[in-house]
Amino acid sequence: MGGTQFLSCARKYDLPIFCCGWAPSTSQKEDKDGESVDGRSNDPDSGNSYVIFGGGGGDGATGITNNLLLARFDYDSNTLFEAMHILSTKDDPPYRMAVHPTGHGVVCSFTQSCRLFEMVKASGSDHNDMKLVLANKVLSQLQDVGQQNALAFSADGTRFAAGGDDGHLRVFEWPSLKLILDQPEAHKSIRDIDFSLDSAFLASTGGSGPCRIWDLSSMATVASLSLDQAGHLGFCRFSRDGTNPLLFVTVKEGDKGCIAVWNTNNWGKVGVKKFQECPISAFAMSYDGKYLAIGSSEGDVSIISVRKMIVHQRVKRAHMIFVTSMEFSRDCRTLLSVSADSSARVTIIEEVQKEGLRTRILVFIIFVIILFLYMAKDVLWDQQQWISDIHKDISATPA
């Protein structure tokens with residue numbers, strides 16, 4: 001059974017995959033009944049969800065095409081299906097991806113520019129088949145700017161940031177693309193970026209040097225976070241539960257994969273903890289802030305409990321080689337991960353399954369208690385009626 005589940009939730013797609021995301025579920029207008037105008041249900045319990053992958057072989061010399069792929073994942077059967085739509089990006093492979101949090105498109109970075117894509121219903125389809133199309137909106141501020149290593153939307157979708165291979169950091173208002181932060185030399189080369197939950201700050205990391213914190217009201221650097229010991233900072237994520245003011249940054253200490261934590265109230269370092277014996281190649285945080293996820297250079301996937309900062313779930317050799325990207329689903333039930341070995345995998349968070357099982361058990365226990373009380377009431381009524389009848393019989397018997 002375990003082998004079957006593994007095969008159903010993991011699949012190869014014939015091209016090295018560099019980026020991934022859960023497809024926007026609200027990109028279409030809804031009618032009064034909650035049904036999208038293209039016929040696709042927006043009910044989160046309908047069982048279906050869509051995922052997007054991007055990758056390829058480069059300039060065409062390898063013979064491997066460059067594509068964006070759209071595939072369906074079925075929660076009920078835990079199955080990731082073959083691509084339902086493939087969009088060629090010609091000689092330019094999609095390198096990074098950011099999905100708008102309210103479903104208004106997907107931004108992808110290419111060798112020199114960024115492009116916006118949308119999900120629409122496939123024409124002539126009698127079913128809920130979808131496809132990806134290039135949006136009419138041109139991201140003019142991100143044309144001919146070189147490869148962008150990192151893309152991020154703020155939690156409310158009103159801001160968008162891009163970090164270039166040349167170290168240039170840009171932050172825009174969305175969707176107007178009004179430039180609000182422009183730092184040509186933020187780092188030697190930008191590795192990762194992330195907005196704080198309230199969009200007040202942006203964290204950025206480079207190939208070397210400190211993690212910089214940008215105040216988006218003053219447009220100035222308010223902190224420069226470094227390690228006391230040797231190590232290189234990698235990916236960064238702000239906490240998302242709204243209660244713990246923390247920033248998590250991956251660290252490469254020799255060949256070990258660690259996570260450093262800073263308090264965002266005073267930017268003081270909380271500590272550093274090792275999680276694996278090999279470098280971290282991908283990083284993600286769930287939208288409820290409960291879990292972090294790390295992908296390893298050896299293809300392992302680990303899900304970490306933020307509250308305890310311990311490994312909650314680990315999938316050894318989820319991929320054959322290093323994990324290139326990962327993303328939690330919006331409902332925080334699953335983790336999507338991809339690799340340059342052409343594979344994609346959806347991992348169901350075990351705690352979600354356990355909570356669902358506990359809920360079903362609790363409902364069953366309550367039902368049994370109610371049934372018992374109901375039966376006990378009937379038994380008690382019968383006993384009272386029996387005693388009453390006996391009392392009448394005794395009273396009616398001549399002395």
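What volume does the largest pocket have? The volume is about 800 Å³. The model is predicted: local features need pLDDT of at least 70, side-chain atom pairs count only at pLDDT 80 or more, and totals for chains, interfaces and linings use all residues. Residues are numbered from 1 along each chain as its sequence is written, and side-chain values use heavy atoms, with hydrogens and water left out.

A pocket here is an open set of points on a 1 Å grid over the protein atoms alone, where a 1.4 Å probe fits, with protein on both sides within 12 Å along at least five of seven lines; lining residues have an atom within 4 Å of a point. Its volume is the space filled by probe spheres set on the points, which are joined across faces, edges and corners.

The largest pocket is lined by 42 residues, and closest to its centre are Leu 151, Arg 237, Arg 240, Tyr 287 and Glu 327. Strands S2 (17-22), S10 (148-153) and S26 (323-328) are among the elements that give two or more residues to this lining. Strands are DSSP runs of E, at least two residues long, numbered from the N terminus. By class, the lining has 26 nonpolar, 8 polar and 8 charged residues.

Now turn to strand S28, residues 343-348. All 6 of its 6 residues are buried, meaning under 20% relative accessible area with a 1.4 Å probe and protein chains only. Ser 343, Arg 345 and Thr 347 cover one side; Ala 344, Val 346 and Ile 348 are on the other. S28 has paired strands, where pairing takes at least two DSSP bridges. Strand S1 (residues 10-12) runs antiparallel to S28 and is joined to it by 3 bridges. Strand S27 (residues 334-339) pairs with S28 in the antiparallel sense over 5 bridges. Ala 344 is the bridge partner of Arg 11 and of Val 338. S27 and S28 form a hairpin with 3 residues between them, and Ser 342 in the turn has a positive phi of about 80°.

The count of salt bridges is 8, each a side-chain nitrogen of Lys or Arg within 4 Å of a carboxyl oxygen of Asp or Glu. Lys 269 and Asp 228 meet at 3.2 Å, N to O. Lys 269 lies in strand S21 and Asp 228 in the loop between S17 and S18, so the pair ties together parts 41 residues apart in sequence. Lys 316 and Asp 300 form another, at 3.1 Å between the closest N and O atoms. Asp 300 is buried, with a relative accessible area of 7%.

Methods: Helices (H or I, at least four residues) and strands (E, at least two) are DSSP runs, numbered from the N terminus. Ala, Val, Leu, Ile, Met, Phe, Trp, Tyr, Cys and Pro count as nonpolar, Asp, Glu, Lys and Arg as charged, and the others, Gly among them, as polar. Buried means under 20% relative accessible area, exposed over 50%, partly exposed in between (1.4 Å probe, protein chains only).
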